[in-house]
Amino acid sequence: MTQYDKPLPHPNEETRGFWEGCNRGELLMQRCTDCCTFRFFPRPMCHVCNSMNAEWVKVSGKGKVFSWVVVRQGSPSFAGDVPYVVASVQLAEQDDLRMFGNIEGCAPEDIELDMPVEVFFDEVTEEVSLPKWKPA
Ligand SMILES: [Zn+2]
């Protein structure tokens, strides 16, 4: 495997479950066990009911494009990737459940609002798989 010189996640107590799921090819979201609201990014407290109780739930990995940008000038480690897309993807499970990620597998100019996408996992190192999105 070639050297990967882009930023990598540093899992902590709050995010470890998410990243371990990615490494298994599963998209996991935190869900409050009191009011059943999903949340992302992972954090200790529910933003709806203030509960500190949560569980990791495997979600469908399906969503739609909520918003996106096309990056045309990259920092040095991303220079070979331009143009590339960073999108806010609204997950199928809940209207306000969104996460950022790259969309690959189509030209940036072909991306549309509400376009259906599905997650895939890019094994960028032996220890890290990053969630990314592709047209569904
Ligand atoms: Zn809650």
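These notebook entries record what I looked up in one predicted protein model.

**Ground rules.** I number residues from 1 along each chain as its sequence is written. Since the model is predicted, local features need pLDDT of at least 70 and side-chain atom pairs count only at pLDDT 80 or more, while totals for chains, interfaces and linings use all residues.

**Overall layout.** I counted secondary structure and found 1 helix and 8 strands in the protein chain. Here helices (H or I, at least four residues) and strands (E, at least two) are DSSP runs, numbered from the N terminus. Read from the N terminus, the order is α-β-β-β-β-β-β-β-β. I then looked up the extent of the C-alpha trace, which spans about 45 × 35 × 20 Å along its principal axes.

A residue is buried if 20 or more other C-beta atoms lie within 10 Å of its own, exposed if 12 or fewer, and partly exposed in between, with C-beta atoms placed from the backbone. A nonpolar core is a set of buried Ala, Val, Leu, Ile, Met, Phe, Trp, Tyr and Cys residues joined through C-beta atoms within 7 Å. The largest one has 16 residues, and those with the most contacts inside it are Ala87, Val89, Ile103, Val117 and Trp133. Helix H1 (16-23) and strands S1 (28-32), S5 (84-91) and S7 (116-123) each give two or more residues to this core. S5 gives the most, with 4 residues.

**Strand S7.** I checked its pairing, which requires that DSSP find at least two bridges between two strands. S7 and S8 run antiparallel and are joined by 7 bridges, and a hairpin connects them through 5 residues. S7 also pairs with strand S4 (residues 62-71) in the antiparallel sense over 3 bridges, where Lys62 stands opposite Glu118 of S7.

**Val128.** I located Val128 in the loop between S7 and S8 (129-135). Val128 is partly exposed because 16 other C-beta atoms lie within 10 Å. Beyond neighbours within four places in sequence, Val128 is in contact with Leu8 and Pro9.

Methods
Two residues are in contact if their C-beta atoms, placed from the backbone, lie within 7 Å.
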